[in-house]
Amino acid sequence: MEDQNNMERFQAKIDAGIKIEPKDWMPEKYRQTLVRQMSQHAHSEVIGMQPEGNWLTRAPSLRAKKILMAKIQDEGGHGLYLYCAAETLGVSRDKFIEWLHQGKAKYASVFNYPSPTWADMGAIGWLVDGAAIVNQVSLQRTSYGPYSRAMVKICKEESFHQRQGYEIMATLAKGTKEQKEMAQGALDRWWWPSLMMFGPHDSESANTKDSMKWGIKLETNDDLRQQFIDKTIPQIELIGLKIPDENAVLQENGSYKTSDIDWDEFWNVIKGNGPCNVQRLKHHVKAHEEGAWVREAAIAYGEKQ
Ligand code: FAQ
């Protein structure tokens with residue numbers, strides 16, 4: 001009976017748009033869903049530093065290098081806000097990292113693809129951050145207070161990331177024939193993985209129904225994906241590149257109809273079989289082990305104070 005009352009009060013708060021805070025009563029499944037989504041989100045930010053880190057030493061100018069370095073550092077910072085926000089749900093950062101290393105926690109599938117050219121830096125900023133923004137603008141209104149507040153700060157930074165990526169692509173697209181081809185190649189490589197970032201179709205999405213009821217997600221995977229497509233196709237056309245989908249067509253309602261995603265590829269990457277899954281996780285484990293002395297020194301310093 002008490003649980004029933006708690007549940008009704010909890011749902012009434014959600015429906016009234018009142019944020020749930022760490023010490024408030026919450027259903028165990030709500031807490032678990034947030035632990036899963038927020039820790040996966042944090043891991044994505046941190047693992048997502050790797051494809052761009054690949055180009056830091058080879059950026060074509062000092063200006064480009066400074067911008068890329070700042071952008072990658074921002075992503076690390078986003079991971080930290082999100083781990084802190086997720087820890088308010090009673091799981092330690094060490095545990096989140098352990099789950100990642102054991103393969104029990106996921107991170108965004110998109111970061112398991114390689115970045116072979118400088119144009120990939122443009123495509124990642126423009127498309128991957130662009131997709132992340134569409135999702136995260138919506139998550140600013142999520143029902144869990146610490147997650148929602150972290151999202152507000154993160155969104156401000158992501159919009160700079162999207163613009164720096166688009167600037168790289170626009171510059172290459174109006175450059176030499178080879179530069180334009182490099183930009184098109186990167187667009188072709190990152191287009192489909194970016195669309196996959198929004199998750200499976202709503203009909204296949206196991207978590208959407210509960211997450212929408214509890215205000216964790218405000219919009220469905222397919223609705224957010226469509227918003228991204230409708231925003232991005234005109235940007236592709238504006239810089240004179242080709243849409244990587246021959247069937248993309250503008251409908252009367254102002255929205256684009258596109259080919260379906262290769263879902264076998266998506267699930268295969270999630271299962272660990274993408275082109276860079278092994279490399280990404282191995283690098284994370286190595287960096288974590290090599291950083292052990294920093295954590296030990298910080299704890300020892302804290303204890304001495
Ligand atoms: N990758 O039932 P749903 C960024 C899994 S941040 C891997 O629909 P949900 C910044 C899902 O976990 C990018 N797995 O799941 C940056 C579930 O499996 P589970 C990260 C995925 O949670 C830019 C299963 O499939 N953003 O990029 C993916 O309701 C550049 C069924 O799916 C966020 O994490 C995927 N793409 O909806 C950094 C945003 N999609 O866990 C560096 C927060 C689905 O039950 C450089 N997260 N799965 O075993 C979300 O909004 C949601 O979690 C979704 C998925 C929309 C991703």
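Residues are numbered from 1 along each chain as its sequence is written, and side-chain values use heavy atoms, with hydrogens and water left out. Because the model is predicted, local features need pLDDT of at least 70 and side-chain atom pairs count only at pLDDT 80 or more, whereas totals for chains, interfaces and linings use all residues.

**The ligand and its shell**

The ligand is surrounded by 36 residues, of which Lys-106, Ser-205, Asn-207, Lys-217 and Asn-221 are the closest (a residue is near a molecule if one of its heavy atoms lies within 4 Å of it). By class, this shell holds 15 nonpolar, twelve polar and nine charged residues, where Ala, Val, Leu, Ile, Met, Phe, Trp, Tyr, Cys and Pro count as nonpolar, Asp, Glu, Lys and Arg as charged, and the others, Gly among them, as polar.

| Residue and atom | Ligand atom | Distance |
|---|---|---|
| Arg-36, polar side-chain atom | oxygen | 3.0 Å |
| Ala-206, polar backbone atom | oxygen | 3.2 Å |
| Met-196, polar backbone atom | nitrogen | 3.5 Å |

Taken alone, the ligand exposes 1100 Å², and the protein buries 90% of that, with accessible areas from the Shrake-Rupley method with a 1.4 Å probe. The elements giving two or more residues to the shell are helix H2 (28-47), helix H4 (62-87), H6, H7 and helix H11 (263-273); helices here are DSSP runs (H or I, at least four residues), numbered from the N terminus.

**Packing of helix H6**

The axes of H6 (residues 119-139) and H7 (residues 145-173) come within 7 Å and cross at roughly 150°, the axes being lines fitted to C-alpha atoms over the stretch in contact and the angles running from 0 to 180 degrees between N-to-C directions. The two helices are therefore roughly antiparallel to each other (over 145 degrees), and their crossing is left-handed, the near helix being turned anticlockwise from the far one by less than a right angle. The contact of H6 with H7 has 16 nonpolar, ten polar and two charged residues.

H6 also packs with H8 (residues 177-196) at an angle of about 30°, with the axes 8 Å apart, and these helices are therefore roughly parallel to each other (under 35 degrees); the crossing of H6 and H8 is right-handed, that is, clockwise.

Terms used: Angles under 35 degrees count as roughly parallel, over 145 as roughly antiparallel, 65 to 115 as roughly perpendicular and the rest as oblique. A polar contact is a pair of N or O atoms within 3.5 Å; within protein, one must be able to donate a hydrogen and the other to accept it, and residues adjacent in sequence count only if both atoms are side-chain atoms.
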